[in-house]
Amino acid sequence: LMELTSTPVAKKPSDCSPAEISSFVALAIEGGEIAPAGLARRVRCAERLVFFPGPDSLQGIAALKNPGQEYRDYIAMSSGAALPSSCFPYELGWVVVSPTARGRGLSYSLSVVALEPAGRGGVFATSHNDRMHSTLLKLGFVPAGSSYPSRLGDRLLQLFLRGAPPAKKG
């Protein structure tokens, strides 16, 4: 197994080169579960992109996303859980680790760096992968609502929530 000696690198999308955006998009698509149409545009709208460089290629990626209202409404409707943008302004997503780098805790390292701009604020994530579910639980996310079928395959997605502010009284 190749030793990973680098650390995650975080950037605003506007600070990324076209090649960095392309390599991020390519690894995201390779990971599956992502609609490729319009992905480069959605990546450029993220709050933060995180790259885990390797000797020859990217070993992993993650992002703190600024989800659109239509997408947010779809997830809320599908899962049966409320996702108000005032409580959950961000989504942790596009967490993909290349097959050669799996099993070393990279999804956790990438996610910690991606979540930094959110502080203790509300963030949601969706996942079909048990390893990612474990990572999300370690990061303080809790499952919410019901699992629902992915639009991109025969998998069930689970919504996870973290850090929602307490409900206002009154």
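Six elements, α2 (39–44), α3, β4 (90–97), α4 (106–115), β5 (123–127) and α5 (130–138), each supply at least two residues of the lining of the largest pocket. Helices (H or I, at least four residues) and strands (E, at least two) are DSSP runs, numbered from the N terminus. The model is predicted: local features need pLDDT of at least 70 and side-chain atom pairs count only at pLDDT 80 or more, whereas totals for chains, interfaces and linings use all residues. Residues are numbered from 1 along each chain as its sequence is written, and side-chain values use heavy atoms, with hydrogens and water left out.

A pocket is an open set of points on a 1 Å grid over the protein atoms alone, where a 1.4 Å probe fits, with protein on both sides within 12 Å along at least five of seven lines; lining residues have an atom within 4 Å of a point. The largest pocket holds about 1,400 Å³ of space, a volume being the space filled by probe spheres set on the points, which are joined across faces, edges and corners. Its lining comprises 49 residues, and Glu33, Ile34, Trp94, Val95 and Thr126 lie nearest the centre. Strand β4 gives the most to this lining, with seven residues. By residue class, the lining divides into 23 nonpolar, 15 polar and eleven charged residues (Ala, Val, Leu, Ile, Met, Phe, Trp, Tyr, Cys and Pro count as nonpolar, Asp, Glu, Lys and Arg as charged, and the others, Gly among them, as polar).

Three aromatic pairs are present in the structure. Rings of Phe, Tyr and Trp (its six-membered ring) pair if their centres lie within 6.5 Å, with planes under 30 degrees apart counted as stacked, over 60 as edge-to-face and the rest as tilted. The pair of Phe24 and Phe51 is edge-to-face because the ring centres are 5.6 Å apart and the planes stand at 75°. Phe24 belongs to helix α1 (residues 18–30) and Phe51 to strand β2 (residues 48–53), 27 residues apart. Ring pairs join Phe24, Phe51 and Trp94 into a cluster.

Tyr74 and Tyr148 form an edge-to-face pair, 6.3 Å centre to centre with 85° between the planes. Tyr74 lies in helix α3 (residues 69–79) and Tyr148 in strand β6 (residues 142–149), so this pair ties together parts 74 residues apart in sequence. Tyr148 is buried, with a relative accessible area of 3%.

Charges also sit over rings (NZ of Lys or CZ of Arg within 6 Å of the ring centre and within 35 degrees of the ring normal). Lys65 lies over the face of Trp94, at 4.4 Å from the ring centre, and Arg151 lies over the face of Tyr74, at 3.6 Å.

Note on methods:
Buried < 20%, exposed > 50% of the residue type's maximum accessible area, 1.4 Å probe, protein only.
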